[in-house]
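The following exercises are to be worked with the sequence and the model in view. Each task is followed by a stepwise solution.

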Amino acid sequence: MVAETRADHPLSLTVDHLKARRLRVGLSQADLDHVAGFPSGRVAHWECGMQKPSLASLLIWADCLYQLAPNRLNLSQSHPKYPTHRSD
């Protein structure tokens, strides 16, 4: 049996997809942390594979990038839908 590499793992593919979307909409990792209510540096840790996001965090991440129109994101405060998120 062949072991899956990081790039082949379904979670890695999801994280890579969300990273690509974040870059397309022009949000920095810090901006996404702030808007989603994640602790500082969390998105960076997920994107480089240092940590794995929980399912709840993945849903919030995707919601921020796909459901909320990027031009409506107010980077001066966390989005009210996502109060400061707990640590994963």
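**Confidence and conventions**

The mean pLDDT of the protein (the predictor's confidence in each residue, from 0 to 100) is 77, and 65% of the residues reach 70 or more. This is a predicted model, in which local features need pLDDT of at least 70, side-chain atom pairs count only at pLDDT 80 or more, and totals for chains, interfaces and linings use all residues. Residues are numbered from 1 along each chain as its sequence is written, and side-chain values use heavy atoms, with hydrogens and water left out.

**Exercise 1.** Determine whether the end-to-end distance of helix α4 agrees with its number of residues.

*Solution.* Helices are DSSP runs of H or I with at least four residues, numbered from the N terminus. Helix α4 comprises 13 residues, 55-67.

**Exercise 2.** Classify E47 as buried or exposed, and identify its side-chain polar partners.

*Solution.* First, E47 is located in helix α3, residues 42-48. Second, buried means under 20% relative accessible area and exposed over 50%, with partly exposed in between (1.4 Å probe, protein chains only). E47 has 7% relative accessibility and therefore counts as buried. Third, a polar contact is a pair of N or O atoms within 3.5 Å; within protein, one must be able to donate a hydrogen and the other to accept it, and residues adjacent in sequence count only if both atoms are side-chain atoms. The E47 side chain makes such contacts with the side chains of R22, at 2.8 Å, and Q29, at 2.6 Å.

Note on methods: Helix = DSSP H or I, 4+ residues; strand = E, 2+ residues; numbered from the N terminus. Expected span 1.5 Å × (residues − 1).
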